[in-house]
Amino acid sequence: MGLGSLRSASTAAVRRWRRGVPSAPPPRPRRGLGGVAPGVSESPPTFGFLFDIDGVLVRGRYVIPAAQKAFRKLIDSNGQLRVPVVFVTNAGNCLQHVKAQELSDALGLEVSPEQVILSHSPLRLFHQFHEKCMLVSGQGPVEENARNMGFRNVVTIQDVRKAFPLLDMVDQSRRPKELPPLTTDFPTIEGIILFGEPVRWETSLQLIIDVLLSNGNPGAELAAVPYPHIPVLACNMDLLWMAEAKMPRFGHGTFLVCLENIYKKVTGRELKYEALIGKPSIVTYQYAEYLIKQQVERRGWPSSICRLYAVGYIKAAGQARAQAEVKRSVGMADPRSEGHSELRKDLYVSLESCKSILVCTGVYNHHGDVPTDPHESVMETVFHGHRDFRFDPSLVEASYVVEDVNEAVELVFKKENWSQE
């Protein structure tokens with residue numbers, strides 16, 4: 001098949017409307033923590049770590065001192081990891097290799113991009129959308145991130161606003177002074193990717209709703225609201241996140257709450273998601289397990305990983321299983337189904353356990369996250385999970401709670417009978 005035949009009608013329409021931005025070249029391979037060590041001086045590991053970043057390793061621009069102490073325990077005399085490690089974050093407003101460099105600078109060692117999972121990283125598995133015209137929302141390099149994940153036909157909120165300036169009316173200073181000409185060559189939007197919280201929420205909320213209500217043609221007027229609506233993929237469901245401020249800040253989960261409630265108020269129906277991606281989705285955790293397996297293979301460790309310790313997450317595996325159960329009841333696609341062939345079978349790595357270790361340097365409040373009576377408080381606002389996740393009181397209880405990430409590593413080494421040095 002020639003290259004010409006691979007260009008869809010939506011590709012041509014996007015290019016007619018605006019000059020596409022080429023994908024950034026992938027970072028050059030470099031020796032990272034997941035590289036091959038010249039020798040292994042101790043028994044091969046049978047366990048690994050999944051580390052959250054915000055509130056666990058850093059708070060805003062500042063490194064948590066315990067993080068550097070922890071990683072001095074995790075590397076050997078050759079500067080290589082003693083056990084496999086993956087960093088799983090719901091951040092999505094940056095590029096993968098940039099986040100890896102930030103971690104390298106913060107922790108005082110080299111982190112490879114292959115060890116970093118951003119909220120949108122599993123999107124590269126959703127091949128059935130890669131040729132469709134997708135609207136992307138968020139901030140930072142969202143268009144570049146989409147292209148790096150394999151999406152070839154991308155339009156932004158700003159593109160929609162430029163094509164249809166009469167749609168964005170909240171900020172009076174941004175309203176057009178004169179009636180703009182009618183736009184007729186804008187491509188039909190076939191799906192929406194919500195990467196993260198945008199800067200101007202009112203603009204993004206208005207235009208996303210317009211796209212949903214118009215079946216991807218925001219300049220058109222439809223007699224009836226289309227339902228089911230065009231596919232929506234959402235990354236990062238965190239309601240709150242911890243930065244330098246004393247209190248948590250709004251996350252993308254808060255934006256999703258706004259979008260879901262506006263859509264329901266306007267249409268009387270539920271906003272449906274084709275996929276929810278990022279912690280604590282089952283796709284993200286299985287992708288992390290897959291990367292752990294790849295590290296083991298690259299290092300040549302003969303033993304398989306039987307236990308994972310998720311530092312900074314609540315019941316990682318349990319919450320993911322809960323999500324899988326809910327998918328069927330809310331009409332979401334189960335990534336294990338035959339229809340999702342993009343999820344290769346080798347992502348499903350067999351584990352004995354995935355234990356959660358919460359630290360007290362982030363959003364988690366050891367005294368305030370569990371309802372006093374979970375049987376009567378199932379809908380209590382203490383549950384910060386997404387609307388489509390089943391609330392299970394046991395899932396807000398960690399396997400272990402420690403003061404910081406250094407204590408978490410010490411705890412795991414003690415349980416695994418590993419040297420602290």
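How many aromatic pairs does a search of the whole structure find? The search finds 13 aromatic pairs; rings of Phe, Tyr and Trp (its six-membered ring) pair if their centres lie within 6.5 Å, with planes under 30 degrees apart counted as stacked, over 60 as edge-to-face and the rest as tilted. One of these pairs joins Phe51 and Phe71, whose ring centres are 5.2 Å apart and whose planes stand at 45°, so the pair is tilted. Phe51 belongs to strand S1 (residues 47–51) and Phe71 to helix H3 (residues 65–74), so that the pair links distant parts of the chain, 20 residues apart. Helices (H or I, at least four residues) and strands (E, at least two) are DSSP runs, numbered from the N terminus.

The model is predicted: local features need pLDDT of at least 70, and side-chain atom pairs count only at pLDDT 80 or more, whereas totals for chains, interfaces and linings use all residues. Residues are numbered from 1 along each chain as its sequence is written, and side-chain values use heavy atoms, with hydrogens and water left out.

**Aromatic cluster and nonpolar cores**

Phe51 is buried at 0% relative accessibility, and Phe71 is likewise buried, with a relative accessible area of 0%. Buried means under 20% relative accessible area, exposed over 50%, and partly exposed in between (1.4 Å probe, protein chains only). Phe51 and Phe71 are members of one aromatic cluster, together with Phe47, Phe49, Phe87, Tyr309, Phe413 and Trp418.

The largest nonpolar core has 38 residues, of which Phe49, Phe51, Leu57 and Phe87 touch the most other members. Such a core is a set of buried Ala, Val, Leu, Ile, Met, Phe, Trp, Tyr and Cys residues joined through side-chain atoms within 4.5 Å. Elements giving two or more residues to this core include S1, H3, strand S4 (85–88) and helix H11 (405–415). H11 gives the most, with 6 residues. Leaving aside neighbours within four places in sequence, Leu57 is in contact (heavy atoms within 4.5 Å) with residues including Phe51, Phe71, Phe87 and Val405. A second, separate core of 34 residues includes Met134, Ile193, Phe195 and Ile277.

**Salt bridges**

The whole structure holds 15 salt bridges, each being a side-chain nitrogen of Lys or Arg within 4 Å of a carboxyl oxygen of Asp or Glu. Three of them are listed here.

| Residues | Closest N to O distance |
|---|---|
| Asp171 and Arg200 | 3.2 Å |
| Arg200 and Glu202 | 3.3 Å |

Glu143 and Arg147 are 4 residues apart in helix H5 (residues 142–148), and so are separated by about one helical turn; both residues are buried. Asp171 lies in the loop between H6 and S8, and Arg200 in the loop between S8 and helix H7 (201–213), so this pair ties together parts that are 29 residues apart in sequence. Arg200 is partly exposed, with a relative accessible area of 32%, and Glu202 is partly exposed at 28%.

**Nonpolar surface patch**

Leu166, Met169 and Leu179 make a nonpolar surface patch of about 310 Å². Patches consist of residues with over 30% relative accessible area and no salt bridge, like charges being joined within 9 Å and nonpolar side chains (Val, Leu, Ile, Met, Phe, Trp, Tyr) within 5 Å. Accessible areas come from the Shrake-Rupley method with a 1.4 Å probe, and for residues only the protein chains shown count as cover. Leu166 sits in the loop between helix H6 (157–163) and strand S8 (191–194) and is partly exposed at 44% relative accessibility.
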